[in-house]
Amino acid sequence: MRRLISHRDARIYIAGQSFSVIGDSALWLAMGIWVKILTGSNSAAGLTFFAFICGCMTAPFSGVVVDRLRRRPLLIAANLGGAALVCVLLLVHGRGQVWLIYAVMFGYGAANGMITAGQTALLTDLVPGDLLGEANSAMQMMSQGLRLITPLLGAGLLAWAGARPVILLDAGTFAIAAAAVLALRLREPRPHRAPARWRAEFTAGIRHVADTRALRRPLIAVLIAVSAFGFFETVPFAVVGQGLHRSPEFLGVLNSLQGAGALIGGALAAPVMRRTSERALMAGGLAACAMAALLLITGSLPLVLVAMA
């Protein structure tokens, strides 16, 4: 990690992307709360996250694009495009324009997929191979660590001054991320054009997983789990409003605890896996999620806080 921090480009890059995470996390939650305030509907609020996830489903297409273009200019353009897209939300003034929030969140998910793919690819050119693990770890720890404060930041700003400051904050962090990529001294090589057709590239990841037993079984389990996690984009609104009888902004507190739990889980995952197995770790994590879901039913604030963590 000391070598990584002393690497100029890695230091600038990780710092810039961390600023972007602050804006992303603050906006993502705030838009769901905003829709809940505008409509009073838990399902309408949950659709905000559904639109975002649908946008993220364009990730295989993003991978094809990233493989064919230089990552540095692509990331600059994607971040600036994200800033412009977010500013469209400034046109929303009432319940009748909620559809615009859904449209922007879909585009936001697509942009997120493009940026994530570009980040992953650029990192391999940015740092030496023996520092790649540390760089990925630093990016993940920064992302999860910021989840401790960004939900409170987004919900707090929304409650205090409305949606406009949250939107402008996210647009600003996109611009900072673009500036950080622009400041890199990296001389990126021309991307190697694969001889395969784009359709083959598009499905390469899926075909590899389908042909690899060790990946295929966990993927099926994860798909089932993610389907259940999808309910959790709507359930917390009902837990806050109908179970705890608090305002929608209180969801920021619950999401911060979820971020704390993610940090603890991330720190424990490797040692638990070394002492048991990958399968035991996955099964234990899914069992913990099941117990947390049951605790959310209680309507007891202490138990709900434990469940979110």
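Which residues line the second largest pocket? In this predicted model, local features need pLDDT of at least 70 and side-chain atom pairs count only at pLDDT 80 or more, while totals for chains, interfaces and linings use all residues. Numbering runs from 1 along each chain as its sequence is written, and side-chain values use heavy atoms, with hydrogens and water left out.

The lining is made up of R213, A214, R217, P218, A221, E278, R279 and M282. (A pocket here is an open set of points on a 1 Å grid over the protein atoms alone, where a 1.4 Å probe fits, with protein on both sides within 12 Å along at least five of seven lines; lining residues have an atom within 4 Å of a point.) Two elements give two or more residues each, α11 (213–231) and α14 (278–296), and α11 supplies the largest share with five. Helices are DSSP runs of H or I, at least four residues. The space inside comes to about 170 Å³, taken as the volume filled by probe spheres set on the points.

Over in helix α9 (residues 163–182) sits T173. T173 counts as buried because its relative accessibility is 4%, the cut-off being under 20% with a 1.4 Å probe, protein chains only. Its side chain gets to the backbone oxygen of D170 at 2.8 Å. Leaving aside neighbours within four places in sequence, T173 is in contact with F19, S20 and G23, contact meaning heavy atoms within 4.5 Å.

Conventions:
Buried < 20%, exposed > 50% of the residue type's maximum accessible area, 1.4 Å probe, protein only. Polar contact = N/O pair within 3.5 Å; in protein donor to acceptor, adjacent residues only side chain to side chain.
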